[in-house]
Amino acid sequence: MKERLMNLKEEALKSLEAAGDLAALDGIRVAFLGKKGALTEILRGMGKLSAEERPIVGEIANRVREEITEALNAKKDRLAAAESEARLACEKLDVTAPSGVISLGGRHPIALVQEQIENIFISMGFTVEDGPEVETDYYNFEALNTPADHPARDVQDTFYITDKVLLRTQTSPVQARTMEKTKPPIRMICPGRVYRSDAVDATHSPMFHQIEGLVVDRNITMGDLKGTLDLFAQKMFGEQTKTRFRPHHFPFTEPSAEVDVSCFVCGGKGCSLCKGEGWIEILGAGMVHPNVLRAGGIDPEEYSGFAFGMGVERIVMTRFGIRDMRYLYENDVRFLRQFS
Ligand code: PHE
């Protein structure tokens, strides 16, 4: 029996040595010292011993239990310390470590160019106005001297919501709204989204951006329009830039013109950007029609004005050499990253 007790001790100490964690340790305790464990099992045989042998074996058994318990506790302390050290090590925070790369988003090219155009006109004393994208027929057409049978009102071009409500096809309705609420002198621009029922292709989109401009005061002339747009073109496309006015027709301006700028790549000689023309069309403009002034509550005998409107996408595309408008709306980060 003595031998069995000694073997038991050896075996227990060996298992303790090998135990890797606190759970394994608990398993060992149950296996050797538990109520149904190996030691209890051996001590069941005590009854068969003589009266002299019993206390001796009893003492040995107690010592074995004590030694195993002691070894168990010592191992438990060591394991607990190691575990807490490991936890601390992986929770450690190095506040001096350099931070990872934080990648920032960039402005969209349309927003970049829009802001640049706004800043040029703000520097000339223009205010920036806003207007609704869901507009009435009155402001989009009627107040802009666009009679009911004008081709621009064709359902082909305009998204109608009801008979009288539509998605604005141009930023010009903001001219009419501004004249209604402001007395001259007026110097304003209005950037915003406009909508036309066009199929998507490399140069068309049912939604695009325009920037409108309006100046109303006493003695405003075509010379003021030309001077303003010349200065704008120089600031936008470079000091050498010239403008060219071609006669055109808009219902809300008289006279009207389409305005080109000399190609900022070839300087007017002709290249692939300007398609050999030497000029790039960027906006429509003209002197505000007396009917439009009247609709805005302004006396055309006393005041005159000029207006212009430009497509932002077109300027973005020529500026950055973007051949297909769809890139501007697909939000492919490989494209957008080039502008940040
Ligand atoms: N609204 C016109 C367009 O969308 C542009 C324009 C604005 C022309 C103001 C003249 C004056 O084509």
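Visitor: Where is Asn219 found?
Guide: Asn219 sits in the loop between strand 5 and helix 8. Helices (H or I, at least four residues) and strands (E, at least two) are DSSP runs, numbered from the N terminus. Phi of Asn219 is near 60°, a positive value in a residue other than glycine.

Visitor: What kind of model is this, and how are residues numbered?
Guide: This is a predicted model, where local features need pLDDT of at least 70, side-chain atom pairs count only at pLDDT 80 or more, and totals for chains, interfaces and linings use all residues. Residues are numbered from 1 along each chain as its sequence is written, and side-chain values use heavy atoms, with hydrogens and water left out.

Visitor: Which peptide bond is cis, with omega near -5°?
Guide: The bond from Glu254 to Pro255. Pro255 belongs to strand 7. Another cis bond joins Pro184 and Pro185, with omega about 5°. Pro185 lies in the loop between helix 7 (173–181) and strand 4 (186–195).

Visitor: What is the strand order in the open sheet?
Guide: The order is 1-4-5-9-8-7-6, with seven strands and mixed pairing. Two strands pair if DSSP finds at least two bridges between them.

Visitor: Why do strand 1 and strand 6 stand at the edges?
Guide: Strand 1 (127–128) and strand 6 (243–250) each have a single partner strand, so one side of each is left without a neighbour in the sheet.

Visitor: How do you know that strand 5 and strand 9 pair?
Guide: Eight bridges join strand 5 (residues 207–217) to strand 9 (residues 304–311). The definition asks for at least two, so they pair. They run antiparallel. Glu212 has Gly309 in strand 9 as its bridge partner.

Visitor: What makes helix 2 roughly antiparallel to helix 4?
Guide: Two packed helices are described by the angle between their axes and the distance between the axes. Helix 2 (residues 22–33) and helix 4 (residues 53–91) pack at about 170°, with axes 10 Å apart. Axes are lines fitted to C-alpha atoms, for helices over the stretch in contact, and angles run from 0 to 180 degrees between N-to-C directions. Angles under 35 degrees count as roughly parallel, over 145 as roughly antiparallel, 65 to 115 as roughly perpendicular and the rest as oblique. Therefore helix 2 is roughly antiparallel to helix 4.

Visitor: Why is helix 1 called roughly antiparallel to helix 2?
Guide: The axes of helix 1 (residues 2–18) and helix 2 cross at roughly 170° and come within 10 Å. That angle is over 145, so the label is roughly antiparallel.

Visitor: Which residues of helix 1 meet helix 2?
Guide: Leu8, Glu11, Ala12, Ser15 and Leu16 in helix 1 meet Leu25, Ile28 and Phe32 in helix 2. Contact here means heavy atoms within 4.5 Å.
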